[in-house]
Amino acid sequence: MNFEKPNIILGIETSCDETAAAVVENGTVIRSSVVASQIEIHKRFGGVVPEVASRHHVEQFTVVCEQAIKEANVEWEDIDAIAVTQGPGLIGALLIGVNGAKALAFAHQKPLVPVHHIAGHIYANRLVNEMKFPLLALIVSGGHTELIYMRSHASYEVIGETRDDAAGEAFDKVARTLDLPYPGGPGIDRLASKGEPIIDFPRAWLEPDSYDFSFSGLKSAVINVVHNAKQKGETISKENIAASFQESVMDVLVAKTMKAAKEYHVEQIIVAGGVSANQGLRKRMESACHDAGIPLSIPPLKLCTDNAAMIAAAGSIGYLKGDRADLALNGNPSLAIEKFSI
Amino acid sequence: MNILAIDSSNLVMGVAVSTETKVLGEIITNVKKNHSIRLMPAIEQIIRDVDLTLDQIDRIAVAIGPGSYTGVRIGVTIAKTLAWTANKEIVGVSSLEALAQNGIHFNGLIVPFFDARRGQVYTGLYQSKDGKVECVQEDRLTMMKDWLAELKKCQESILFLSNDFDKHEALIQEILPNSVIGEAVYNNPRPSEIAKLAFTREPSKDVHHVVPSYLRLAEAESKWLEKQVNKK
Ligand SMILES: [Zn+2]
C-alpha cells in the first residue's frame with residue numbers, strides 16, 4: 001500500500017477533556033494544532049467529570065475548528081478528508097467530535113475517516129520521527145496501558161494491556177492520597193525526583209509469559225502505607241513514597257516493554273500517551289533502549305497528551321488505506337484497535 | 001428564505017425544511033433510537049427530498065433544550081457546525097416553546113413539559129393569543145407537584161402537551177381535574193414549528209456562542225457549589 005501519496009487531513013479529537021482540531025500534511029507535517037484544554041475546569045472536581053467535559057466540547061468545538069483552519073492557512077478545497085476520533089473514550093464527549101465531523105464532511109462533501117484514539121497516540125510519533133517497522137508501542141495514559149506490536153503501517157496487535165487500572169489512573173489516585181492536585185502525574189514525577197525509592201512496593205509481573213499489566217494492587221499498597229503511617233502518627237517522606245511508587249510502575253513498564261521488544265525483534269520502540277511526559281519513564285526507557293541497541297521515539301510533551309494532530313496523522317494512514325465512515329457514524333467508547341488493521 | 005430546522009433534544013427526533021409560506025418537508029420519529037446515528041442522515045435526506053442543496057439553505061433553526069443533555073448536544077453541535085462552516089444564520093429555539101406551538105388553536109394556557117425524572121419536569125407556561133403562542137412564565141425545572149399547585153391559581157383552562165403523560169397524568173387529573181390532556185398528534189414537538197419561530201427571530205450574532213439550555217447544572221457542579229456554601 002502506498003502511504004506516501006500527498007494528503008491534507010483535518011483531525012478532530014474530543015474523546016476526553018481536550019477539544020482539539022488540527023491540520024496535518026502527509027501524516028508528518030503539522031500545519032496547525034489547536035487544543036482547548038479543560039484541565040483547569042476539572043481540577044476542582046479532582047478528575048474529569050464526563051458531563052462537564054461534554055458541555056465544554058459543545059462550546060469549544062467550532063471555535064477550535066475555526067482556529068485550526070485559519071492557522072493552517074488552508075481552504076476547504078485543499079483538505080482531502082476529515083479524520084475524527086471514533087473511540088475509545090467518554091461517550092458523551094466522543095459524540096461532539098463525531099457529530100461535528102459528520103456535519104463538516106456533509107457540508108464540504110469530504111471523506112470521513114474514523115480514527116482509533118490509541119492509533120492517534122502512536123502516530124503522534126510520525127510527526128517527529130519516521131516510523132521503522134516492525135515496532136513496539138507502549139501507550140501509557142490516564143485511560144490506557146497497552147503494548148501494541150506493529151508489523152507495518154495500520155497493523156495493530158495488542159500484545160499486552162492493563163487488567164485493572166491504567167498507569168495514569170494509578171498516578172492520579174496516589175497523587176490524591178499524597179494531597180497532590182489533579183492530574184497527578186506531574187506532581188508525583190516532581191516529588192519522586194527528590195526522593196529515594198526505599199519502600200518496597202509490589203510489582204505485578206502476572207504470569208511469566210504475560211505482557212499484561214496490573215496497577216490496582218500497587219495503588220492499594222501505597223494507600224495502605226500512607227494510611228497506616230497517619231494512624232500511627234508517623235511522618236513519612238512523601239518524596240520517598242512518590243519515588244518508590246514511580247519506581248515500581250517503571251520497573252514493570254520498562255521490563256515488559258524490553259522483553260517484548262526482544263521477543264518480537266522490533267526495529268523501534270515508541271512510547272506515547274500522557275504518562276510518557278513522565279521524566280522518570282523517559283530516562284528509564286532511554287537507558288534501557290540504549291543498552292538493547294533499539295532506537296526509541298517519544299514525542300514531545302504537547303504531542304503526548306491528547307491533541308488532534310495525532311488524530312490527523314493516524315487519519316492520513318486511514319485515509320490512504322481506505323477507511324471510510326458514512327453519516328451514520330457513531331462514537332464507540334470501547335472501540336477495538338484491531339478493527340483498524342490492514 | 002429556506003430554513004432547515006433540527007430537533008434531537010428529546011426522544012422525538014425531527015428535521016424540516018420550510019420557506020416563509022410553506023413547510024416543504026418534515027421528518028419526525030418518536031421512537032427510542034440513537035440520535036447520534038440518525039440525525040445527520042435525516043438532515044441529508046430532508047434536504048435532498050425537497051430538491052434543495054445545503055447551499056440553498058439560508059438559516060438553520062435548532063432546538064436548544066431543555067431535554068436530554070446528550071440529545072440536545074447532538075442537535076446543537078450539528079446545527080452550529082453547519083452554520084459556521086457553510087456560513088448560515090442560526091437561531092436557537094426553546095424545545096418547550098416549540099412543543100407549545102401545537103396548542104395554537106386552544107383557547108387558554110398551554111403547558112408543555114418533558115419528564116426530568118424523580119417527579120421533576122422541564123416546563124413553562126405559554127398562552128395562545130392573536131394567532132401566536134407566547135411564553136408567559138419562563139422555562140424551568142421543577143417538581144411537577146409544585147408546578148401544578150402554582151398552575152391551580154390560574155383562572156383559565158389549561159392544555160398540557162407532552163409525550164410523558166404515563167408518568168404524570170394521574171397527578172394532573174388529581175390537582176387540575178378540569179385541564180385538557182393533549183392528544184397524541186399534538187404531543188410530538190414539530191420541527192416545522194421551530195422553523196416557523198426562527199423566521200421571526202434575529203439570528204445569533206456569533207455562531208460560536210450558541211449553547212444548549214440545560215436548565216440544570218451538571219451534578220458534579222451543583223455538589224461542588226454546595227460544598228463551597230457549606231465551607232463558609
Ligand atoms: Zn489519550
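Which residue caps the N-terminal end of helix 8 of chain A? In this predicted model, the cap turns out to be S237(A), with a side-chain oxygen sitting 3.3 Å from the backbone nitrogen of E239(A).

Now for the metal site in chain A. The zinc ion has three protein donors, namely H117(A) and H121(A), each through NE2, and D306(A) through OD, and they lie 2.1 to 2.2 Å from the metal. Along the sequence these donor residues follow the spacing H-x3-H-x184-D. Distant parts of the chain are thus brought together, with H117(A) in helix 4 and D306(A) in the loop between helix 10 and helix 11, 189 residues apart. The UniProt record, in an unreviewed entry, lists H117(A), H121(A) and D306(A) under "binding site". Although they are spread over 190 residues of sequence, these positions cluster in space, the largest C-alpha distance being 8.9 Å.

How is H117(A) placed, buried or exposed? With 4% relative accessibility, H117(A) counts as buried. This histidine belongs to helix 4 of chain A, which covers residues 117-123. Setting aside neighbours within four places in sequence, H117(A) is in contact with E13(A), S15(A), T85(A), G87(A), P88(A), H144(A), D306(A), M310(A) and I311(A).

D306(A) itself sits in the loop that runs from helix 10 (301-304) to helix 11 (309-321) of chain A. At a relative accessible area of 16%, D306(A) is buried because that value falls under 20%. Again leaving out neighbours within four places in sequence, the contacts of D306(A) include both H117(A) and H121(A). E13(A), S15(A), C16(A), E18(A) and V35(A) are also in contact with D306(A).

Elsewhere in chain A, F3(A) falls in the segment before strand 1 (8-13). F3(A) counts as buried, at 9% relative accessibility. Which residues touch F3(A), leaving aside its neighbours within four places in sequence? They are R126(A), H153(A), I317(A), L320(A), K321(A) and I342(A). F3(A) and S316(A) are 313 residues apart along the chain, yet their C-alpha atoms are separated by 8.3 Å.

Turning to chain B, strand 7 (residues 120-129) is mostly covered, with 9 of its 10 residues buried. V121(B) shows up in both pairings: D115(B) stands opposite V121(B) in strand 7, and the bridge partner of V121(B) in strand 8 is T142(B).

In the hairpin of strand 7 and strand 8 of chain B, where 2 residues lie between the strands, D130(B) takes a positive phi near 50°.

Helix 6 (residues 191-199) of chain B is likewise mostly covered, 8 of its 9 residues being buried. Those buried residues are P191(B), S192(B), E193(B), I194(B), A195(B), L197(B), A198(B) and F199(B). What covers the buried residues of this helix? The cover includes a run of strands in chain B, namely strand 1 (3-7), strand 2 (13-18), strand 3 (23-29), strand 4 (59-63) and strand 5 (89-93), together with helix 3 (95-100).

How values were computed:
Residues numbered from 1 in each chain as written. Chains lettered and ligands numbered in written order. Predicted model: local features only at pLDDT ≥ 70, side-chain atom pairs only at ≥ 80, totals over all residues. Heavy atoms only, no water. UniProt positions renumbered as here; feature names shortened; annotations may be inferred. Helix = DSSP H or I, 4+ residues; strand = E, 2+ residues; numbered from the N terminus. Buried < 20%, exposed > 50% of the residue type's maximum accessible area, 1.4 Å probe, protein only. Contact = heavy atoms within 4.5 Å. Pairing = 2+ DSSP bridges. Polar contact = N/O pair within 3.5 Å; in protein donor to acceptor, adjacent residues only side chain to side chain. Donors = N, O, S within 2.8 Å, 3.2 Å for Na, K, Ca; no water.
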